[in-house]
Every structure is written in structure tokens, then in C-alpha cells.
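Work through the following exercises with the sequence and the model side by side. Try each task before you read its solution.

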Amino acid sequence: MCIINYIWSWLFSKKSELLVVCNTLNDMDHHKTETRINFLQCLDTDVCIYIMSFLDDPADVVRASAVSCFWHHFVIANGFAKQICLKLFPQLSRIDVVVNGSTGIPSSAEAETSTAMKCENSETDHMVYASLLRAITGSKVSRKDCIEYAVSASSTDNFPDESITNTLHPRDRFIRRPSYWSSKGQSKPEVPETLVYKLRTGVWAITEIDIQPFKAFFQHGRPIYSAKSVRFRMGHPKSKREINSELQNLPLQKPVDDKFVWTYTSPEYPMIQDNVLQPFMLPEPILCIGGYLQVELMGRVQRQEIDGLFYTWSVTCSYCHFMIMFIF
């Protein structure tokens with residue numbers, strides 16, 4: 001309400017000037033002249049910035065910067081490309097500095113020693129964030145192609161027949177055989193399991209991960225081995241050298257979760273105990289530049305009749321927007 005009152009009071013104070021502008025525009029249209037009025041120059045800078053802050057489409061920022069030299073400098077000087085990036089992907093606020101790849105000079109407060117340098121840094125920031133937005137929003141890659149390979153499962157019951165690699169296939173049967181991952185059995189249903197995947201090189205905006213529990217159609221009663229809930233993490237290796245030595249023979253049959261720094265952790269989502277693809281929408285798009293995905297499956301529901309132990313089984317994991325299928 002305060003903002004609305006401010007705008008109304010500002011408009012009232014500028015009434016005579018705005019009437020002049022309107023009359024001028026009317027005269028221009030009447031006389032078909034080539035003269036143009038730049039309305040940004042008729043408004044206070046704070047009002048212009050407030051109006052432009054409502055832009056939420058990256059394409060609009062590009063169009064605005066192409067209107068004229070004045071608009072171009074206005075968009076760059078006020079960092080509208082960066083603002084949209086941070087609005088769409090808040091985790092980008094963790095970026096400390098932007099470095100000019102050709103010069104190696106950081107675009108930071110320490111480097112801003114002159115007006116010319118400040119302008120150059122603003123231009124660099126604009127190009128970086130505008131390019132990042134274009135890369136994220138303009139990708140033509142299929143959603144399911146963002147997983148490069150399966151890294152590890154915290155446990156596997158019968159390797160390789162029930163390996164985590166089976167979760168990369170979108171069906172519960174592959175070449176006429178059951179296709180799923182199965183954990184080892186546990187007497188305690190609260191024991192969790194984790195699956196780790198390598199994301200492909202590139203920029204990914206992950207909005208949703210889909211999981212389908214596996215129905216054991218070859219067992220009596222066709223039980224569904226689902227988890228009670230699921231949580232997702234994304235991050236990077238603590239040491240590239242160490243992780244490269246670990247990843248010689250994939251998939252690993254041991255947990256390697258402690259080898260990573262998990263920079264994002266999702267909320268915990270309840271799972272439906274049904275053999276259907278279940279979508280889990282993240283609270284906000286998560287920007288990944290390569291990196292790794294961890295799927296944490298918590299709570300076991302189904303006890304196996306033959307040994308009385310609790311398992312989790314999964315069918316598939318893919319999509320950026322994703323898909324995972326498993327058995328607990």
C-alpha cells in the first residue's frame with residue numbers, strides 16, 4: 001500500500017510534465033515526425049528501476065537492452081539480467097565473483113578502481129548472467145538425458161542382476177527380464193538407502209524428480225517394495241583426484257556419500273505405496289553445472305516373505321524433471 005501511495009503521489013507531482021509528454025506524443029503521431037521521446041528519461045531513476053523489476057522473462061531483458069543506447073546502458077548498469085537470474089535461481093546468490101575469461105580480471109569490488117572499470121565490470125556481469133539465462137532456458141536436450149551414469153548404491157542384494165544401473169531403464173522389464181535395483185534386506189525398517197548418480201556436463205535446471213517403486217510381480221501377492229519417504233541432495237566431490245580413483249569400476253557396491261559436498265538438500269517427501277511414477281516437485285529450480293545427485297530413500301514398508309527382512313526396490317531414475325525406479 002505504501003508503494004502504491006508513493007507512485008500516486010509521484011504521478012500527481014509530475015502531472016504537468018506527464019501531460020506535456022502525452023501532448024508531445026500526440027503531436028508526434030499527428031505530424032508523423034521521426035522524433036521519439038525516451039520515457040525513462042522523464043521518470044525518476046528509482047521509479048524506472050521499480051517498473052523494470054517486474055520483468056520476469058529473460059527475453060524481455062534482452063529486448064529492453066536493444067531499444068536504444070540509453071536503455072542498453074540502463075539495463076546493464078542496474079544489473080537486471082542478474083536480478084532475473086537470482087529470482088529464478090536463488091542459489092546463484094552464492095556466486096562471489098565473476099571473472100573475465102579473456103583477461104582473468106575479477107569483476108569485484110576490489111577491482112573497481114575507476115568509473116571505466118565499473119562500466120566494464122557491469123558489462124561483464126550482464127553478459128555472464130544473460131548467457132547463463134539463455135543456456136538454462138534455451139536448452140534443447142531431452143529431460144531424461146541429464147543423468148550420465150549411476151555411481152553407487154549404499155547396498156545391493158544380488159549384483160549385477162539387481163544393480164543400480166537398472167534404474168536408468170524407464171521400464172520394470174528390460175529384454176524380457178525384470179529390471180530393478182534392490183537393497184540388501186534389513187531387520188529394522190528405519191534403515192535408509194542412498195543412490196548416487198553423475199549428472200551430465202552442462203547447465204541443468206532440475207525442477208522435478210520422478211520415482212516409481214517396484215512391484216515384485218514374480219513373488220506371491222505381488223508386493224510393492226517402496227520407501228516411506230524420499231529426499232534429494234545435489235553437490236560436488238570433496239576431492240576430484242580421490243573421487244576419480246574411486247570411480248574406476250562402476251557402479252560401486254558401497255556407499256560413497258561422504259566423498260561429496262552436498263550443497264542442496266530438498267525437503268522430505270512422503271511416498272505413495274503404489275507401483276506408479278510419482279513426481280516430486282522441488283520448491284525451486286535447482287541449478288546444476290554438472291555435479292552429482294543423491295536419492296535418499298527413508299523407511300522400509302515391505303517385508304519379504306522368504307526371509308522376513310525389509311527391502312527397498314526401485315525401477316527407474318532419469319529426468320531433469322527426473323525418473324527413478326527402485327526396490328527397498
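**Exercise 1. The chain as a whole**

What percentage of the contacts in the protein with a separation of 6 or more is accounted for by residues 24 or more positions apart?

*Solution.* Before counting, note that this is a predicted model, in which local features need pLDDT of at least 70 and side-chain atom pairs count only at pLDDT 80 or more, while totals for chains, interfaces and linings use all residues. Residues are numbered from 1 along each chain as its sequence is written, and side-chain values use heavy atoms, with hydrogens and water left out. A contact means heavy atoms within 4.5 Å, and residues 24 or more positions apart make up 75% of the contacts with a separation of 6 or more. Helices (H or I, at least four residues) and strands (E, at least two) are DSSP runs, numbered from the N terminus, and the protein has 8 helices and 17 strands. Buried means under 20% relative accessible area, exposed over 50%, and partly exposed in between, with a 1.4 Å probe and protein chains only; of the 328 residues, 42% count as buried.

**Exercise 2. Helix α5 and its two partners**

Describe how α3 and α4 pack against α5.

*Solution.* Two packed helices are described by the angle between their axes and the distance between the axes. Axes are lines fitted to C-alpha atoms, for helices over the stretch in contact, and angles run from 0 to 180 degrees between N-to-C directions.

Step one: helix α3 (residues 45-52) and helix α5 (residues 69-77) pack at about 80°, with axes 12 Å apart. Angles under 35 degrees count as roughly parallel, over 145 as roughly antiparallel, 65 to 115 as roughly perpendicular and the rest as oblique, so α3 is roughly perpendicular to α5. Here T45, C48, I49 and M52 of α3 meet W71, F74 and V75 of α5. Ala, Val, Leu, Ile, Met, Phe, Trp, Tyr, Cys and Pro count as nonpolar, Asp, Glu, Lys and Arg as charged, and the others, Gly among them, as polar; the contact of α3 with α5 therefore divides into 6 nonpolar, 1 polar and no charged residues.

Step two: the axes of α4 and α5 come within 7 Å and cross at roughly 135°, which makes α4 oblique to α5. In this contact V61, A64 and S65 of α4 meet W71, H72 and V75 of α5, and the classes are 4 nonpolar, 2 polar and no charged.

Step three: W71, F74, V75 and I76 are the buried residues of α5.

**Exercise 3. One serine**

Is S65 buried or exposed?

*Solution.* S65 lies in helix α4 (residues 58-65), and its relative accessibility is 11%, so S65 counts as buried.
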